[in-house]
Amino acid sequence: MASGAENGGGEISVLVTGGAGYIGTHTAVRLLEKGHEVTVVDNFHNSVPEALDRVRLIAGPALSSHLHFIPGDLKSKDDLEKVFAAKRLRFDQTISSQTPFNFDLNSSISFVVVVVAHCLCCFRYDAVVHFAGLKAVGESVAHPQMYYENNVVGTINLYAAMTKYGCKKIVFSSSATVYGSPEKTPCVEDSSLNAVSPYGSTKVLAKMPKQFLVITDNHEMLMLVSCHLVLENYFRQVQAADPELRVIMLRYFNPIGAHRSGDIGEDPKGIPNNLLPYIQQVAVGRRPELNVYGVDYPTRDGTAIRDYIHVVDLADGHIAALEKLFATPDIGCVAYNLGTGRGTTVLEVVKAFEEASGKKIPIKICPRRPGDSTAVYASTEKAKKELGWSAQFGIEDMCRDQWNWARKNPYGYSGNAEEN
């Protein structure tokens, strides 16, 4: 309940947008395990209903009774009205089920206190964890309009619904793509922001007064939206205008791995955009080889360096962020990196996956892709100090759990080669 959460404990009611996706499902599991009530809203653009069934399987019957799903698209104000009204409806149903015989009629004060407590904690969500958004960089370059409509308009609609229904806490799923090609590493939260794709630019705190210039992987120059539509800036602006609003923006790096059960994991549609899903598809025979773009970087083996983080660590980072929101009334709007703080090369990831799976991964050496950075990894000191969070898993653990997911689900949730 909200009051308990404010005092450092108790159940809270969390709305998870995009909760059927890769990171959303893992976070939903961890929220349920912490004893919280979870409502997922998703339009299944990049996810499937089966993913939520697997969450219920992992959580078990008792915890799953606290998981609710509402189909909806954040671009639709009507859908969001239904999502927030549904919470109030569940409250009404709870109260109507409490007949006078459930209460001590000799104590009218007790009755009033119980009803008021229910009203305070049941008719609205205590917090939102906002994952819903398109995230494929390549697709964002091909369809920038779709990305801005989905990620920006959807977020603006979400905030409007939160305001209407009195929800004042949000953890926003941002991304390390806002750092673009960083001038120095590790990336610290006050580094200059320099997105290189429409996906990244919808996350970035814009510096320009009138327009934001986005450089795609093909060095095309695209004049995109004005800075007030850029989401991190948007959250800073609305929080400044609404001091009761508490916002944490989590900039995470390269999530990989899967739940230790192997029942939930990353299931991309079409050709994977990320390294580990591509490697796993090679390992299970869905693709012939892995393309390695560039072996002439000034790194220890010539391949690019990135910061890979276990998705379960990432989920725990969202829990830590929620706890911070409830514990810090004057937090305002603040960003944190979520990463390991350690960089791993492409070939090191390949080797770790080979050792975890026992499979040889054929590779094809390709030229560098324009715009790719030599090394991008996080500074994690701020998250460690202020959130009390740090990554617990190493690259070996990530590859082990990724392979367990791939081994059990070689064609993802569908189990059908024709659907992939």
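The dialogue below looks at helix packing and salt bridges in a predicted model.

Student: What makes α10 oblique to α12?

Tutor: Helix α10 (residues 275–283) and helix α12 (residues 346–357) pack at an angle of about 40°, with their axes 11 Å apart. Angles under 35 degrees count as roughly parallel and those of 65 to 115 as roughly perpendicular, so α10 is oblique to α12.

Student: Which residues of α10 and α12 make the contact?

Tutor: On the α10 side they are Leu275, Leu276, Ile279, Gln280 and Ala283, and on the α12 side Val346, Val349, Val350 and Phe353. By kind, the residues of this contact comprise 8 nonpolar, 1 polar and no charged.

Student: Why do Lys408 and Asp263 count as a salt bridge?

Tutor: Their side chains meet at 3.2 Å, N to O, and the cut-off is within 4 Å, so the pair qualifies. The pair links distant parts of the chain, with Lys408 in helix α14 (residues 395–408) and Asp263 in the loop between β9 (254–256) and α10, 145 residues apart.

Student: Why is Asp263 called buried?

Tutor: Asp263 has a relative accessible area of 15%, and buried means under 20%, so the term applies. Lys408, by contrast, has 40%, which lies between 20% and 50% and therefore counts as partly exposed.

Student: Why are Glu33 and Arg30 separated by about one helical turn?

Tutor: The two are 3 residues apart in helix α2 (residues 22–33), which means a separation of about one helical turn. Glu33 and Arg30 form a salt bridge, their closest N and O atoms being 2.6 Å apart, and a network of salt bridges links Arg30, Glu33 and Asp316.

Technical notes:
Residues numbered from 1 in each chain as written. Predicted model: local features only at pLDDT ≥ 70, side-chain atom pairs only at ≥ 80, totals over all residues. Heavy atoms only, no water. Axes fitted to C-alpha atoms, helices over the stretch in contact; angles between N-to-C directions. Helix = DSSP H or I, 4+ residues; strand = E, 2+ residues; numbered from the N terminus. Parallel < 35°, antiparallel > 145°, perpendicular 65-115°, else oblique. Contact = heavy atoms within 4.5 Å. Nonpolar A, V, L, I, M, F, W, Y, C, P; charged D, E, K, R; others polar. Buried < 20%, exposed > 50% of the residue type's maximum accessible area, 1.4 Å probe, protein only.
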